[in-house]
Amino acid sequence: MAEAEAEAAGPEAAGDGAAVIGATVPTGFEVTAAAEVQEKLGSASRISRDRGKIYFEVPARCLPEVHRLRSVDNLFVVVQEFKDYQFKETKEDALKDLEGLVKKLPWTDPLRIWELNNSLKKKKTKRKKQNLQRTASKEKLRDGGEEEKDDKAVGGQEDCAPNTEGAEPAAGQSAEEMQGEASQNEEDDNEQSEANSELHASSGAETKAGDDSKAEGDDRKDEGDAKVLKFRVTCNRAGDKHSFTSNEAARDFGGAVQEHFQWKADMTNFDVEVLLNIHNNEVVVGIALTEESLHRRNITHFGPTTLRSTLAYGMLRLCDPQPTDIIIDPMCGTGAIPIEGAMEWPGCYHIAGDNNPQAVKRAASNICSLLKKNENKESSASLGVPLDIVQWDICNLPLRTGSVDVIVTDMPFGKRIGSRKKNWDLYPACLMEMGRICTPGTGRAVLLTQDKKCFAKALSRLGHIWRKNHTVWVNVGGLHAAVYLLKRTWERVEEKRSFW
């Protein structure tokens, strides 16, 4: 059999409470995501030959921490992986082979992980509702004048102004910051203990979705009106040597899944999403752990070119932010980069700016939403974020020469915003002004653009100010773009004269 000949790498450790997790990440930032997993979870990652995916093994109790990773878009638990699957030559034989694979896959442990993940999501949703209700009751009391002291919360809760006292450098955040961090740690510990309790509760118990054995079938009958799960199969296929299409593979594999588990197929209101990822001869079967991409975590007011939070995190991590660094995004748009920076590196001071008043308004609204989200957490003190938003001209920034440590920005591609023709003047002017405000010798810039020819020309003209250290090739909305890591040279830039 073809599948027997294939080299399989399934989650054998799942029996002792471990799981192999697959994560989709922004293409080009696989190494960055693997470094985050190693740093935060202590697990080594394997980067897939199919760009934009990594795999790592973690204990099941660490699921809440996995969902808090900043660099991953979607998560799934691996049922089994075949590194060199030998497909049959004809379409009929190849599809029949995939159908037969369903009965041979080790579904039980991955489905237990899915159930644990599902129960944690339900508890998290319940906790959020309770926090919202608690916040609403506080606001009513405040409106009645009974809790006026809460008005001292950083940022001014009534108008949600992003220019807050919390924007002071990290060294000045003393007691309140410690209290907020303790509250966040308490929330994280709650999720961790819930994961452990769910894990213990499910150990030894049969999953109503999982085992296909006859004994489990009898258990399900005894349950009486047990819920019949709804499912769908999603096939992602890459390669030109397959005799079948993605839809055909999903249809036939899904039919076999339905027959095997007696689940009900539903393409929209499904409980379980089974993933069939095929990249040339690499086949991975998994079960989705996220309903929507994790990159939607920060932005509530979108613009025409809103950057994904996961890509923003990858760009920020490239420049290795250090405590007390001043980090600016001079073309912030809706504020995805500085908001991500303020969330993950609160020890730095972040400044967002744009010349478009509508963009500044959207960014301010997103910062406002972030402040409200912080208020809704179970913290007794409502903290601000070390972030300011300003309207300015990128070519004439109101900042002192050499006062900025890091610049991270998404430059106009010249498609939805601006034009390629304007970029030929804009890019050199931007790089010159960035060079002026950036600290000589230690300053760095991480710049994203799809207009690579124009950027290369501008950089060659300003080689005495900026040195290119590294380039990451990324896919942004189907466009082949590049993220450049630049280091500031020791060359001094002439200071601009004052206007008054």
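Start by selecting Gln262: at 57% relative accessibility, this residue counts as exposed. (Buried means under 20% relative accessible area, exposed means over 50%, and partly exposed is anything in between, using a 1.4 Å probe and protein chains only.) Before you click on, know that this is a predicted model, where local features need pLDDT of at least 70, side-chain atom pairs count only at pLDDT 80 or more, and totals for chains, interfaces and linings use all residues. Residues are numbered from 1 along each chain as its sequence is written, and side-chain values use heavy atoms, with hydrogens and water left out.

**Stop 1**

Gln262 is not a glycine, yet its phi is positive, about 65 degrees. You'll find Gln262 in the loop between α8 and β6 (264–265). Helices (H or I, at least four residues) and strands (E, at least two) are DSSP runs, numbered from the N terminus.

Now select residues 246–261, which is helix α8. How far apart should the ends of α8 be? The expected span of a helix is 1.5 Å times one less than its number of residues. For the 16 residues of α8 that gives 22 Å, and the end C-alpha atoms are 22 Å apart, so the two agree. Next, color the buried residues of α8: Glu248, Ala249, Ala250, Asp252, Phe253, Gly254, Ala256, Val257, His260 and Phe261. As you look along a helix, remember that an α-helix has 3.6 residues a turn, so residues three or four places apart point the same way.

**Stop 2: Thr324**

Jump to Thr324, in the loop between α9 (309–318) and β9. Thr324 has a positive phi too, about 75 degrees, although it is not a glycine. Is Thr324 buried or exposed? With 57% relative accessibility, Thr324 counts as exposed.

**Stop 3: a buried Phe**

Select Phe29, in the loop between β1 (18–24) and α2 (30–41). Phe29 has a relative accessible area of 2%, so it is buried. Which residues is Phe29 in contact with, leaving aside its neighbours within four places in sequence? They are Leu311, Gly314, Met315, Leu318, Val472, Val474 and Val483.

**Stop 4: two cavities**

Time to look for empty space. Rolling a probe the size of a water molecule over the atoms shows where empty space is left. Here a 1 Å grid is laid over the protein atoms alone, and a cavity is a set of points where a 1.4 Å probe fits but cannot get out; lining residues have an atom within 4 Å of a point. Grid points are joined across faces, edges and corners, and a volume is the space filled by probe spheres set on the points. How many cavities of 30 Å³ or more are there? The count comes to two.

For the largest cavity, select Asp50, Lys53, Tyr55, Asn277, Ile278, His279, Glu282 and Val284. Two or more lining residues come from each of β3 (53–59), β7 (272–279) and β8 (282–288). The volume of this largest cavity is about 40 Å³. Its lining has three nonpolar, two polar and three charged residues. (Ala, Val, Leu, Ile, Met, Phe, Trp, Tyr, Cys and Pro count as nonpolar, Asp, Glu, Lys and Arg as charged, and the others, Gly among them, as polar.)

The second largest cavity holds about 30 Å³. Select its lining: Ile327, Ile328, Asp329, Ile337, Pro338, His350, Ile351 and Val408. Here β9 (326–329), α10 (336–344) and β10 (349–354) each give two or more residues. This lining divides into six nonpolar, one polar and one charged.

While you're there, select α10: seven of its nine residues are buried.

**Stop 5: the cysteines**

Select Cys430, buried at 0% relative accessibility. How far is the sulfur of Cys430 from the closest cysteine sulfur? That sulfur is in Cys395, 4.8 Å away, which is too far for a bond. A disulfide is a pair of cysteine sulfur atoms within 2.5 Å, and the structure holds zero disulfides.

**Last stop: zoom out**

Show the whole protein chain, with its 13 helices and 15 strands. Of its 500 residues, 51% count as buried.

Definitions and conventions. On a 1 Å grid over the protein atoms alone, a cavity is a set of points where a 1.4 Å probe fits but cannot get out, and a pocket is an open set with protein on both sides within 12 Å along at least five of seven lines; lining residues have an atom within 4 Å of a point. Contact means heavy atoms within 4.5 Å.
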